Amino acid sequence: DEGIQHLATGEPMVRCIEMDDGQSANVKIRMLLGKDMSTIMKYHREDPAMVPTMQLVMHIVEIEVGDGHKITGVKQLFDFFENQEWSFQEQLEDAINILGGGVMTSVHMDCRRCNAEQEGMIPFAAEFFYPRKTSKFSSTAIL
């Protein structure tokens, strides 16, 4: 329900995330939209290994730490994120998944021959989201 409300209003959702030093941070998060794809592709061209981290950071609108200091801007948010312990990053990812409903890549399968049931994963590798370009022209453009 919150995710639907967020998409309808555009208002970021605030999540309290515990830090290892005993403090907590109020983190305003948002869902990524189609308009963010050009920024993600820019990071992919610069360094494909950075894309997962930058996507997490791009979900953050603002971080307010215990003393009231507010952190905004991609560079400052990235620096803060990179200096946090793993638990902070996990909590942030969990909050984003809860807000957006998470990405379910598993599918239930039944074998028609033996009636066996199993769960498989849809192979969403990086090439699915960022396909490699082999040509600047479509094969139909040559005809």
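The following questions and answers go through a predicted model of one protein.

Biologist: How many helices and strands does the protein have, and in what order do the elements run?

Modeller: From the N terminus on, the elements run α-β-β-α-α-β-β-α-α-β-β-α-α. The totals are 7 helices and 6 strands.

Biologist: What percentage of the residues is buried?

Modeller: A residue counts as buried under 20% relative accessible area. The protein has 143 residues, and the buried share of them is 27%.

Biologist: Which strands stand at the edges of the open sheet of 4 strands?

Modeller: The order in this sheet is 1-2-3-4, and the pairing is antiparallel. The strands at the edges each have a single partner strand, so one side of each is left without a neighbour in the sheet. They are strand 1 (13–18) and strand 4 (70–71).

Biologist: Over how many bridges do strand 1 and strand 2 pair?

Modeller: In their hairpin, 5 residues lie between the strands, and Gly 22 among the hairpin residues takes a positive phi near 90 degrees. Arg 15 stands opposite Val 27 in strand 2. Strand 1 and strand 2 (residues 24–29) pair in the antiparallel sense, and the number of bridges is 6.

Biologist: Why does Ile 17 count as buried?

Modeller: Ile 17 has its place in strand 1. Leaving out residues up to four places away in sequence, Ile 17 touches Gln 23, Ser 24, Ala 25, Val 27, Phe 88, Gln 91 and Leu 92. Buried means under 20% relative accessible area. Ile 17 counts as buried because its relative accessibility is 2%.

Biologist: Which residues touch the most other members of the largest nonpolar core?

Modeller: In soluble globular proteins, nonpolar side chains tend to be buried together. The largest nonpolar core here has 27 residues, and those touching the most other members are Val 27, Ile 29, Ile 63, Phe 88 and Leu 92. The elements that give two or more residues to this core are strand 1, strand 2, helix 2, helix 3, strand 3, helix 4 and helix 5. To return to the residues asked for, they are Val 27, Ile 29, Ile 63, Phe 88 and Leu 92.

Biologist: Which residues of helix 3 are buried?

Modeller: Helix 3 (residues 51–58) is mostly covered, with 6 of its 8 residues buried. The cover over these residues includes helix 2 (37–46), strand 3 (60–65), helix 4 (74–82) and helix 5 (86–100). The buried residues are Val 51, Thr 53, Met 54, Leu 56, Val 57 and Met 58.

Biologist: What distance separates the C-alpha atoms of Thr 53 and Phe 81?

Modeller: Thr 53 is in helix 3. Not counting residues up to four places away in sequence, Thr 53 touches Phe 78, Phe 81 and Glu 82. Thr 53 and Phe 81 are 28 residues apart along the chain, and their C-alpha atoms are separated by 8.9 Å.

Biologist: Is His 59 buried or exposed?

Modeller: His 59 is found in the loop between helix 3 and strand 3. Leaving aside neighbours within four places in sequence, His 59 is in contact with Lys 28, Ile 29, Arg 30, Met 31, Leu 32 and Ile 96. With a relative accessible area of 9%, His 59 is buried.

Biologist: What word describes how helix 4 and helix 5 lie to each other?

Modeller: Phe 80, Phe 81 and Glu 82 in helix 4 meet Phe 88, Gln 89 and Leu 92 in helix 5. The two axes come within 9 Å and cross at roughly 120 degrees. Helix 4 and helix 5 are therefore oblique.

Biologist: Is Asn 115 buried or exposed?

Modeller: Asn 115 lies in the loop between strand 5 (106–110) and strand 6 (117–121). Its phi is near 65 degrees, a positive value in a residue other than glycine. With a relative accessible area of 61%, Asn 115 is exposed.

How values were computed:
Residues numbered from 1 in each chain as written. Predicted model: local features only at pLDDT ≥ 70, side-chain atom pairs only at ≥ 80, totals over all residues. Heavy atoms only, no water. Buried < 20%, exposed > 50% of the residue type's maximum accessible area, 1.4 Å probe, protein only. Contact = heavy atoms within 4.5 Å. Pairing = 2+ DSSP bridges. Core = buried A, V, L, I, M, F, W, Y, C linked by side-chain atoms within 4.5 Å. Axes fitted to C-alpha atoms, helices over the stretch in contact; angles between N-to-C directions. Parallel < 35°, antiparallel > 145°, perpendicular 65-115°, else oblique.
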